[in-house]
Amino acid sequence: MALKKWLDKLTLLDLFDGLSVTGRHLFKKKVTIEYPEQKKLPSDRFRGMFRLDEERCIKCTLCAIECPINIIYIDWHNEKNEAGKNEKVLDRFDVDLKRCMFCQLCEEACPTVPKSIWLTTKTYEMAAYDRNESLYLDIRKLTDWREAPNVKPFTVVERG
Amino acid sequence: MTLSPLFWTYVKVVLLVATVPAIVGFVIVLAERRIMGFMQARLGPNRVGPQGVLQGLADLVKLVTKEDITPAKAEKAVHFLAPVLAVIPALTALAVIPFGPPVRIGKNMIPLWVADINIGLLFLLAITSIGVYGIILGGWSSNNKYSLLGGLRSAAQLVSYEVPMGLALVSVLLMSRSLSLVEIVRRQEATHLWFFFPGMIAFFIYFVAGVAETNRNPFDLPEAESELVSGFNTEYSGVKFAFFFLGEYTAMIIISCVAVTVFFGGWLQPFPHVKALQFLGLVPGAVWFLLKVGGFIFAYIWFRSTFPRYRFDQLMALGWKWLIPISLANILVVAFAILLFPGRTTGLVWLSWAFSGVFVVMYLLAKLRQKLAKRDRLAAVPQTVES
Amino acid sequence: MSDDKISQAEKDEAAYFAERAKAQASAAAAQSPSASGTQDAHTLFDVQEMELNFGPQHPSTHGVLRVVLKVDGEKILEAKPDMGFLHRGTEKLFETETYPMGIPHTDRMDYVAAATSNHAFCIAVETLLQVEVPRRAQLIRVILDELQRLSSHLVWLGTSGIDLGAVTPFWYAFREREQILDFFEEYCGARLTLNCMRIGGLPFDLTPGWTERLAEFIADVPARIDDYEQLLTDNRIWKKRTVGVGVISAEECVEWGLTGPILRASGVEWDLRRARPYECYDELDFVVPTRQGGDTYDRYIVRVQEMRQSVRIIQQCLAKLEPGEIRGKVPRVIKPVAEEVYASIESPKGEIGFYCVSNGTNKPYRMHVRPPSFINLQALPRLAKGHLVSDLVALIGTIDIVLGEVDR
């Protein structure tokens, strides 16, 4: 046994084995995805950027209650519609994206079918140069992303 | 018109000083990063130019335009001098290295080395020792006790590993009977035997000591990032850091060049007497030299990406307790081989066969043992791990 | 609090601090000056201590950890970890939110192994609610846990290697980890902060094809682990850096309360998956790797072997999967009975437990976490004594801490 260990030590076998591992990897195919020319396709359950559908929303504020960090701010008031009944009208639906952790609990809490607030599954690029202006999404920006210039909808797919 | 040899010497010096730092900055740095990347299952830098060829230029521009900081209480003169002392010896050592056989330009035979002094090896060892001053002074002049410690550790490492390096080259000296590098190459040509074969052990010792001399992985503790003491070049930025960097990489080139010259035949083509491979003679000697040096630089990069690093006391123990006794024993063995047989080369040929045979047999035995051990281990997988 | 109570509290506080200041002043006067190496009371051979800061910003502390070192030359005399840089008040947040809202916060404690933290939280609340988790959910939870164990050990392997100079295992380990994170992303939508378990089971069922692709990936993993082992396990330099570094005996481990691979590498065969089986671990066949030495090399071997065993567990669970329910019957508003429970599972770092005190409302009265990294970090001063500064990085790596869990 001692002779065998001595043999290993003398022939530097462990070092040559290590060199062979890196040597083999030199010629293997690389898995690098060269962003931004190539982008990975997020899965169908990926928690991406928010969207709101104002018509479907029933203003139950369950999403605001369920949010673990309380970043959804909802204001509504009652108005009499044509039929004379009380109807909730949304004044303010703000999401503070600076602090959002994209946990999806608000989407799970939403009772409408299909959901009125949901996390889209492909868009994740929303970097901005200023925090307070661009990362505070009001109802306009949530319903129509063209109002939020820092949100880039997912378009280019070259390698998935 | 025959130009005086002095003119050609000037041309060669200018060419060396102009091209070698450029090659270091543009080729070696990029090669290191790309090849290390490839070995690590990723691509290296490939955005700056096509395939990243301008990365060296980007690094150079960055380093040159950086603010030159000198610590407040540092010794200004020494702080300025230390990087210079690290670079100049490395560049000077290039003077004695033969890059190829003499070429014909016009009517002259121009040798491809700046100077062929008859104490070439000794000159090289002496000049690279001066480079240690750059490190010590760099560490000391920064007025930072951590850089001082790093610099001293680095200097101790360099000085300790010069001994086995020198002793390994002594055994080559026995084979070649001359310190002049050109003469060593010519002897290898004459005896049709590259000194790697009888000097296998000397080569391994020389290369390991060479890696330690240049502070490269696995001996780069003094400049590792994950250590507290980040080494002698903590307080250097900008051009001065670029000089230290350049000095280190040029030393890498020197060590590789010497290894090629002394052990691998310098500019000689492999298999000169095999008829089937005569076409190799069409490649000029200088190109062979560059290819071989490139192979060694690749080995440097390969080592860097594979091995963990030694702790400082283990590093010193390796140098003093293992490399020096082995290199001394190697000198004895080579001397015996030369004296035991008639003529000078017979002994060396016997030694080559002995070394190769023993090494190959031991390697095969070790591999066989490894295969058997793996088979036994796999048969026992579901049970608890052996202690 | 009424006004007079507040002023009384303020007076008490002022008195306490005054007492403390007096005690410190007298202690300082009684002590001889030592830490700055002044020459007056010392002879030539006295210990010259230097106090160093292995600062919060350092590439090797795996987060923001400050270690205050007292060194004599290179030898460490004392190493005191100073944590708290990443404290976010997680346990207080648990008290102000309902039970389901607490799960995303558990992700962020041990962010490298989020599924096990989620799992422990869910088990604690399920024990209080006496909810039975259906079998399919149990199997999938085990699969997610073991995938997370594999992923956490890959991070440990990579960072441990880099700290000691081996730069390549990091990239190989992270290449595997990318694929594991892709599986998580496909299942629950996020790669790191998973939020992948709910009270009573799981939020979603598996996507079609997930199990096939996972089986294919898992079949390749042992070969990749062989690669890492070939680079490190027999390497003489690696052995020199890790054998004999940070030896801790079995009795000391038990005394300090260390759990996880540290305990198992010192000879104590204690794994919660075997000793206190939860979910369906009692029907799975796996080995608990144990070694006797207690040094860094043994911990390395134990973790690598655990990676291999995780592969086996996942393969067995995939074979046992059958269609079924993924969430037990849980009321809409979760209001457990007013009881206390402590539930713990085996996370990659050790035993993670949640001590939940409920008062009958929908928010916990107290939710305390037993973080394995925090408790294992206690052992750092004991491990580091007598070693060199260069070994400190190896030791922090071998304890395998994640600062999110240490500081919560």
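In chain A of this predicted model, strands β2 and β3 form a hairpin with five residues between them, and Gly84(A) in the turn has a positive phi of about 90°. Strands are DSSP runs of E with at least two residues, and helices are runs of H or I with at least four. Residues 72–80 make up β2(A) and residues 86–96 make up β3(A); nine bridges join these antiparallel strands, where pairing requires at least two DSSP bridges.

The model is predicted, with pLDDT of at least 70 needed for local features and 80 or more for side-chain atom pairs, while totals for chains, interfaces and linings use all residues. Residues are numbered from 1 along each chain, chains are lettered from A, and side-chain values use heavy atoms without hydrogens or water.

The largest nonpolar core has 82 residues, and those touching the most other members include Tyr161(B), Phe207(B) and Phe263(B). A core is a set of buried Ala, Val, Leu, Ile, Met, Phe, Trp, Tyr and Cys residues joined through side-chain atoms within 4.5 Å; buried means under 20% relative accessible area with a 1.4 Å probe, protein chains only. Helix α8 of chain B (residues 239–263) gives the most to this core, twelve residues. Leaving out residues up to four places away in sequence, Phe207(B) touches Phe296(B), Ala299(B), Tyr300(B) and Phe303(B), contact being heavy atoms within 4.5 Å. Another core, of 81 residues, lies apart and includes Leu150(C) and Trp210(C).

Technical notes
Buried means under 20% relative accessible area, exposed over 50%, partly exposed in between (1.4 Å probe, protein chains only).
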